[in-house]
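Here are a few exercises to work through with the model open. Try each task before you read its solution.

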Amino acid sequence: MRGKIPYISAVAITILFTSCTSGWDNESKDMFHQSCMEDAKERGLDEAKSKSVCDCRLETVQKKYPTLADAMANVEKMMTDEDLRKCE
């Protein structure tokens with residue numbers, strides 16, 4: 001279960017503030033990254049490791065889900081995605 005909530009939170013927060021069909025605009029990327037960073041730090045990762053993990057996760061999610069709508073439609077898959085887990 002560890003690490004699953006941040007993906008949902010990041011995507012849910014993003015969807016509240018942006019349009020689903022607009023893709024990954026800067027605001028969406030920033031919100032996803034910020035939420036990820038907060039989670040990583042809460043799990044005890046230092047700043048550098050948190051940034052590395054979150055950069056990787058954001059890049060991976062954007063490649064797999066080219067729009068925010070795609071990401072929202074695949075939240076369950078994101079929670080168990082092996083490529084996202086490799087970012088740790």
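**Exercise 1: the overall picture**

Work out what share of the chain is buried, and what its secondary structure comes to.

Solution. Start with burial: in this predicted model, 40% of the 88 residues in the chain are buried. Next, go through the elements: there are six helices and zero strands, so from the N terminus on you read α-α-α-α-α-α. Last, look at contacts with a separation of 6 or more: 57% of them join residues 24 or more positions apart.

**Exercise 2: α2 against α3**

Decide how helix α2 and helix α3 are oriented to each other.

Solution. Two packed helices are described by the angle and the distance between their axes. Take α2 (residues 26-42) and α3 (residues 47-64): their axes come within 9 Å and cross at roughly 140 degrees. Only angles over 145 degrees count as roughly antiparallel, so α2 and α3 are oblique to each other. The crossing is right-handed. Residues making the contact include Phe32, Cys36 and Met37 of α2 and Cys54, Leu58 and Val61 of α3. By class, this contact has seven nonpolar, three polar and seven charged residues.

Key. Residues numbered from 1 in each chain as written. Predicted model: local features only at pLDDT ≥ 70, side-chain atom pairs only at ≥ 80, totals over all residues. Heavy atoms only, no water. Axes fitted to C-alpha atoms, helices over the stretch in contact; angles between N-to-C directions. Helix = DSSP H or I, 4+ residues; strand = E, 2+ residues; numbered from the N terminus. Parallel < 35°, antiparallel > 145°, perpendicular 65-115°, else oblique. Left-handed = near helix turned anticlockwise from the far one by under 90°. Contact = heavy atoms within 4.5 Å. Nonpolar A, V, L, I, M, F, W, Y, C, P; charged D, E, K, R; others polar. Buried < 20%, exposed > 50% of the residue type's maximum accessible area, 1.4 Å probe, protein only.
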